[in-house]
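Hello,

I am passing a structure on to you.

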Amino acid sequence: MFASLDLPAEDPILGLIAAFRNDPSAEKVDLGVGVYRDERSVTTVLDTVKAAEQRLVNEQDSKAYLGPAGNERFNEAIAALVLGAKHAAIRDGRARTVQAPGGCGALRIGAELIHKANAAASLVVSDPTWANHIPLLSSAGLQIQRYPYYDVTTGGVQFERMLDSLNSQAAGTIVLLHGACHNPTGADLSQAQWHQLADVLSARRLVPFVDLAYQGLGDGLDEDAAGARILSEKLPEVLIAVSCSKSFGLYRERVGALIVVAEGSRDATAAAANLGKIARGIYSMPPDHGAAIVARILEDAKFAAQWRKELSKMRERIGGLRNALTEALTLACPGREFAHITRQRGMFSMLDVAPESVERLRKDKHIYMAGDGRINISGLREQRIDYVAWAVAEELNNQRSKRAVAG
Ligand SMILES: Cc1ncc(COP(=O)(O)O)c(C=O)c1O
């Protein structure tokens, strides 16, 4: 039977992890995989997570099944964190939350729910988007197209072109949006733009599906949820896939949630019940450990305050690195503009380097980044910023001279 299977191409980001691990060079810099790294380049367990986990060990008296919707304490706490406890969608009984195995699990069960509600549904994603969006969402049977998003020349969003494209979509089209800290570009919408976008989605009867994987790592917990909150207020139907991997550092525990906002409480209940069936048919129920930790953190004022502090520290470190990289690149590459790196948010930014340059940087300079030039800013250690900036500048300058010759 298995002889009929082809060997699939290696996942480029996972391949990068192995290549970095096997590189013996002392010079090596890992800007590849999307995990937060501290100043020592380590992805540590947060102190708050350790403390909450200890409490969980002491308190937990059963590991019996919880059910397809997972941990209800977690579901309630995460909905309040994302929407705000007093949000109209929660108050009016229009919102339901189910726990999922990570943000990926939430995206997948959301896509399955959409397909179940409308087998002909199509979905549009930003150009570019996180590479895993396409397999995750298309596997559920959704047709996927792209809308213009990133402007390489400004490092920001081509907002007018994005709206023009959305204005031409058929009613009922699902629009995947990055709630904050766009992956891979770091280019986010302003609050005013979220409002404008909500008006277009509403006028065209399009349904937003917000991927919120980096809440708190952009401008702050409330600021980063602003888009999801605005849409949930202005639109009848919204899906929000939440990941706790980055903001709580719980990557391998697989903690996430899908929040569904429906037109009324009947529809919300129907959506939640169908999500339960979908989960039951795939993995039956999500793992509890990480969700139980998050619930304890968010329910306990002391833990919550300590976690917010740890999250702020990560966010501020990323901000500092963005400023330092902008400065170093400006110095190393005169005549080029890098201020967008400071304006962008979250862990990622895209360097305007060709695939050959990415390859050369890896082979000759031991600097690892995704093939499209995406870098994980938190992978930069302060003492290595100049090294990275000069190596990247060399590639950018070569590219510029080649383009000038070709032009
Ligand atoms: C944009 C985006 N969405 C969702 C996820 C899913 O995260 P996880 O399934 O690890 O919680 C990620 C992880 O890198 C991401 O970057």
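Predicted model: local features only at pLDDT ≥ 70, side-chain atom pairs only at ≥ 80, totals over all residues.

**Strands, helices, domains and ligand**

In β4, Asp127 finds its bridge partner in Pro148. Between β3 and β4 the chain passes through helix α6 (residues 133-138). This β-α-β crossover is right-handed.

β3 also pairs with β7. Two bridges join them, again in parallel. Leu123 has Ile174 as its bridge partner in β7.

Now the whole sheet. It is open and has seven strands, in the order β2-β10-β9-β8-β7-β3-β4. The pairing is mixed. β2 (95-101) and β4 (143-148) stand at the edges. Each has a single partner strand, so one side of each is left without a neighbour in the sheet. On average, neighbouring strands are turned by 25 degrees against each other, direction ignored.

Antiparallel pairing occurs too. Strand β9 (residues 238-243) and strand β10 (residues 255-261) run antiparallel and are joined by six bridges. Here Ala241 stands opposite Leu258 in β10.

Two helices to look at next. Helix α7 (residues 159-167) packs on the sheet and touches β4 and β7 (174-178). Its direction makes about 145 degrees with that of β4. Helix α9 (residues 221-234) lies across β7, β8 (207-212), β9 and β10. α9 runs at about 155 degrees to β8.

On to the domains. The protein chain is divided into domain 1 (11-44 + 312-406) and domain 2 (65-299). Their centres, taken over C-alpha atoms, are separated by 28 Å. The contact takes 20 residues from domain 1 and 22 residues from domain 2. On the domain 1 side, α12 (301-332), α13 (339-343) and β11 (348-350) each supply at least two residues. The residues of that side divide into eight nonpolar, six polar and six charged.

Last, the ligand. Which residues come nearest to it? Of the 13 residues around the ligand, they are Gly102, Gly103, Cys104, Ser243 and Ser245. Helix α5 (residues 102-117) gives the most to this shell, with three residues. What is the make-up of the shell around the ligand, in nonpolar, polar and charged residues? It holds four nonpolar, eight polar and one charged.

Best wishes

Key
Residues numbered from 1 in each chain as written. Near = placed C-beta within 6 Å. Helix = DSSP H or I, 4+ residues; strand = E, 2+ residues; numbered from the N terminus. Nonpolar A, V, L, I, M, F, W, Y, C, P; charged D, E, K, R; others polar. Domains from an automatic or database assignment. Contact = placed C-beta atoms within 7 Å. Pairing = 2+ DSSP bridges. Axes fitted to C-alpha atoms, helices over the stretch in contact; angles between N-to-C directions. Right-handed = clockwise from strand over helix to strand, strands pointing away.
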